[in-house]
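Work through the exercises below with the structure open. Try each task before reading its solution.

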Amino acid sequence: MQNVVLNNAVIATCQQTEKAYGLINKGAIAIINGRVRWCGTSEQLPDQFNSLPSKDCLGKLITPALIDCHTHIVHGGHRATEFEQRLNGLSYADISAAGGGIVSTMSATRAASVEGLIELALPRVDSLISEGVSVLEIKSGYGLDTQTELNMLRAAKEIARLRPVLVKTSFLGAHAIPAEYKGRADAYIDDVCIPTLESAHNEKLVDAVDGFCESIAFTPEQIKRVFEKAQSLSLPVKLHAEQLSLLGGAELAAQYNALSADHLEYVDDAGVRALAAAGSVAVLLPGAFYTLKEQQAPPVHLLRKHNVPIAIATDCNPGSSPLSSLLLTMNMACTLFGLTPEEALLGVTRHAAQALGINNRGTLGEGFVADLLLWDCSHPAELSYRIGFNPLIEHVRANFIE
């Protein structure tokens, strides 16, 4: 749908206004050439748009299209047996130490071709698209060798050609230490991670660089070396930080002006202050918190206190968050972390766009890409309130993806 006026809608613009959600009742949106050209109340629609075709939205809800800003959706195999092990009392760290976890998925991912990885990922991608997701971040990190890491990123780029979704890729070579480098994390960084990043950058496969700063993964000093290489390649960074312990990952991310720091269950006041000063987004991942049955939730009160933007995401992955519903993620963020429905919606629109460095999506304002959703709802809180229900009526978008 290219040129149209959407009339008689409840519009959650997700812009920063005096009204929650940036809400406009009895609103209208004028779309010309794939861009939002005007947004306001129907009675104030400028005369210049009266000649456009008009669609009566019958008082239904319009929001920006959704953005899933943290996923590991490209991978081989599954880890359902580890789900059983956790139910029987083993921790995520126990399973990882015994050769499970990320390293287990590594074996299945290495065995898959690019085509196989795409085939496995598409059902999960389609589940997200069916709920109105139009931007999707996809990480590497389950290959942990040059060829497989590149294949994961190639698969991610191909998904963007096969489906109507904008894909942002993150190189996550510093995700875990493969068995062949056990006890030699620094050698892995030198021999595999940094050279593979260079190759991926040369092939134009990378939009950002990520790392896992944790006791079961990489130290802050090791992550610094990866981030230094990212900076030399003019690539932005993001970081898995403070998920299982406090290692200073949030402050490290802020030091490099990271787009985001993700997880953050154990972040402290100093880390939150650092993120605020750097303008980084806090990406919260309730799916992993739920699946791992963690007890310490992220300190949302500190993020609010220091005005750190909060995004939320599925963290779709085979081990700690086998979740492929962003609507359910919104409900979980409210129920488990205490976010308001408004914070949840901003977390999958405006703040999620910020977490990916995107400035033309995530809100409904003049000049933004026309990428929006019509829901069978009368109020935006319904999107977080319902469980296991998809009220999407229509995805209205430009005839092209930028």
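**Exercise 1.** Find how β9 and β10 run and how many bridges join them.

*Solution.* Start with the direction: β9 and β10 run parallel. Two bridges join them; two strands pair if DSSP finds at least two bridges between them. Then check the faces of β10. K238 and H240 lie on one side, L239 and A241 on the other, and all are buried (under 20% relative accessible area with a 1.4 Å probe, protein chains only; exposed is over 50%, partly exposed in between).

The model is predicted: local features need pLDDT of at least 70, side-chain atom pairs count only at pLDDT 80 or more, and totals for chains, interfaces and linings use all residues. Residues are numbered from 1 along each chain as its sequence is written, and side-chain values use heavy atoms, with hydrogens and water left out.

**Exercise 2.** Trace α4 and locate its bend.

*Solution.* Count first: α4 (114-130) has 17 residues. From first to last C-alpha it reaches 24 Å, close to the 24 Å expected at 1.5 Å a residue (1.5 Å times one less than the number of residues). The bend is at L122, about 35°, taken between axes fitted to the seven residues ending there and the seven starting there. A proline, P123, follows within four residues. Buried residues of α4 include L117, I118, L122 and V125. The buried residues pack against β6, α3, β7, α5 and α12. Just after the helix, G132 takes a positive phi of about 95°.

**Exercise 3.** List what I159 touches beyond its neighbours within four places in sequence.

*Solution.* Its contacts (heavy atoms within 4.5 Å) are V74, I118, A121, L122, V125, I138, V165 and V167.
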